[in-house]
Amino acid sequence: MDTTEIGEVNEEILQTVQQVYQEVWDEFYTWEQDACQQLLDELHAPEHLPPDIHEFPIQGLYNVTRVDVEDEDDDTDAFIIEEYGDVVPDKDGMIAPIATWYTKTIDVEAEKFLPHPSYDFCTPASRNVYRWRMDEISNMADFIPYADDPTFDFTIMEDFETFAWQVDMQNPDIELILLETIRRLHFGKGMSFEEIDTTNVLSHPIRSSNKTGILWEAMQRDILPWPGSEFSNLPKLPKSAAPPKNNLFEAVNDAIEVFCPNLNCLHSECDTHHGITYARFRPVPALFTNEQIREVEGEPCGVHCFRLFHTDDAAMGLIQEWDNSDLETFDSLLKLIPDTTPCDMSVICRKPCHEVFVYRTRLLPDAQIIEHRPRNEATRLPFAPKRFHPEQILPPCSHPGVCNSFSGCACFENEHHCGRNCRCSLTCPLRRKGCKCGKNRTTGKPLCRTVNCSCVRGKLECDPELCAKKSRCSNVVIQKNQYPPVIIKKSKWGLGAFAGSHIAENRPIGEYVGEMIYNADQLNFVDDLSKHTGLNYVFNFEKEILLDASRIGNETRYLNHSKIKVNAHADVVNVNGLNKIVLRTNRPVKKGEELFLDYGAGYWVHGEPDEVQSD
């Protein structure tokens, strides 16, 4: 189609878009009226009276007749139940039952029980969740809390401009019409998405990004079935905003930006660690020349192993030429994992081992490897790195060269340890050194339990890659989620948490999780609700970061307050560079004993209650 430049509205394109949009609109609503009427007709049930058993005998039908009990002192009801099988009327047109039972009702008295007292809902969670709505749409309320409570002060809702359900949602009918219009214009008329968008005929852009646009919104739910679309011979619209990548290196870089770099997470589209993304990969320089790889000792991986060919000429006569797609894939792998042995690389590429080695010598000549080989530059640190960063979560560093002020390393500039997910060398001096704890010679248990362990002393969990390798390290409870069982049941103060087994002193009970609030101003609404309920689930987590378990949390939120019976406390532990609130026991706790925390004076909204010591 002959068009002007994208951005200028072409009259021919405008008329075509309007015409197709109107055609699809008329076609859909002509069909919908008949389809809805047909659906309603199918739901209609005809009115009829139950058939008389003598007039309409049916196989397998039961007839129940109430009768009087012969015993005058017996006030229970009695019934005769008759079952009718194969229906064969006699000469008088009557049907005889195939079985008859006589039964009496039995009074059963059940133990009386009270309904469960009212409680606030809480969504179960195993990790902290970022409260995005309070930050990005703070003028919108999800719902009216305590709408059925006459004592609730509804004036606090005046701070919100609207409710979530008042936001205009896309009509599914219009959504289907838009999709079919785009489909017919794109595949039927040969128009690009950009050309269609320039007309502004449709409600909003077709695909602005990977998370916005008509196509993205339509893929968030099932599309209504419509014969006008289902029976079309045109191709389906693409579901992904990202074009297919033939280059593996670029495809990996596009995908890695979607995942959270925090080692406790690694989820795609993470909202918990707000605004932190992986940096794109740079080509990794090779450390080993082809000659050095040939000299690596090892058993041949098969009859085509590169170790069996002592010269390249011997292998050249047996190799097959690779096509461009194979070469692009292999070149991408050499940029990501250049020092992988040809034996392992052949499994990834699905090519013979000796061919992989020959093509490595072509794409990575020894002279090129030696020229770009990184130097081992030592860095003298002018500071002692912090064990963890209390103000913010730093993204993993990714830069050429060593971690110093010249490379712009974020870890160096913030005096922070490099983490396991940083792209610097494993010998980087900024990387934390793990503990070297061994096992107790008498008990055989790991020694990572006392302050003698550098990780425990620094309130860190052991890192399986940095610390000395141990079969049973006791300082990885949070990473493995190995907590003792905690039972939630009725307590003196509503619901409470009880030990499901014996818990030793200073043992983690669980991680306190909830919604992460990065701005204290967002707590105004939460404070108003706390004043109404008299409950407060907010922990002062880090600088300008609060943790609220009122709507999202786990069993740790049910620990009640006590100063006399307190047997647990909250502790901040750093796990893989991320701080976590962990509840620990102050003393040994027996099975079935309730767990108590001292909330502190700042918790109580209506004053701290009196407490009486009891056995």
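Student: How far is the sulfur of C305 from the closest cysteine sulfur, and which residue holds that sulfur?

Tutor: This is a predicted model. A disulfide is a covalent bond between the sulfur atoms of two cysteines. Here the closest cysteine sulfur to that of C305 is in C343, 3.7 Å away, which is too far for a bond. C305 is buried, at 0% relative accessibility.

Student: How far is the sulfur of C422 from its closest cysteine sulfur?

Tutor: It is 3.6 Å from the sulfur of C397, again too far for a bond. C422 is buried too, at 8% relative accessibility. The whole structure has 0 disulfides.

Student: In what order do the 4 strands of the open sheet run?

Tutor: Strands of a sheet pair through backbone hydrogen bonds, either parallel or antiparallel. In this sheet the order is β5-β11-β13-β12, with mixed pairing. β5 (129–130) and β12 (538–542) are the edges; each has a single partner strand, so one side of each lacks a neighbour in the sheet. β11 and β13 run antiparallel, joined by 3 bridges. I517 stands opposite L546 in β13.

Student: How many aromatic pairs does the structure hold?

Tutor: A pair of aromatic rings is described by the distance of the centres and the angle of the planes. A search finds 13 pairs. Take F28 and Y29: centres 5.2 Å apart, planes at 80°, so the pair is edge-to-face. F28 also pairs edge-to-face with W226, at 5.3 Å and 85°. F28 lies in helix α1 and W226 in the loop between α5 and α6, so this pair ties together parts 198 residues apart in sequence.

Student: Are F28 and W226 buried or exposed?

Tutor: Both F28 and W226 are buried. Y29 is partly exposed, at 28% relative accessibility.

Note on methods:
Residues numbered from 1 in each chain as written. Predicted model: local features only at pLDDT ≥ 70, side-chain atom pairs only at ≥ 80, totals over all residues. Heavy atoms only, no water. Disulfide = S-S within 2.5 Å. Buried < 20%, exposed > 50% of the residue type's maximum accessible area, 1.4 Å probe, protein only. Pairing = 2+ DSSP bridges. Helix = DSSP H or I, 4+ residues; strand = E, 2+ residues; numbered from the N terminus. Phe/Tyr/Trp six-rings, centres within 6.5 Å; stacked < 30°, edge-to-face > 60°.
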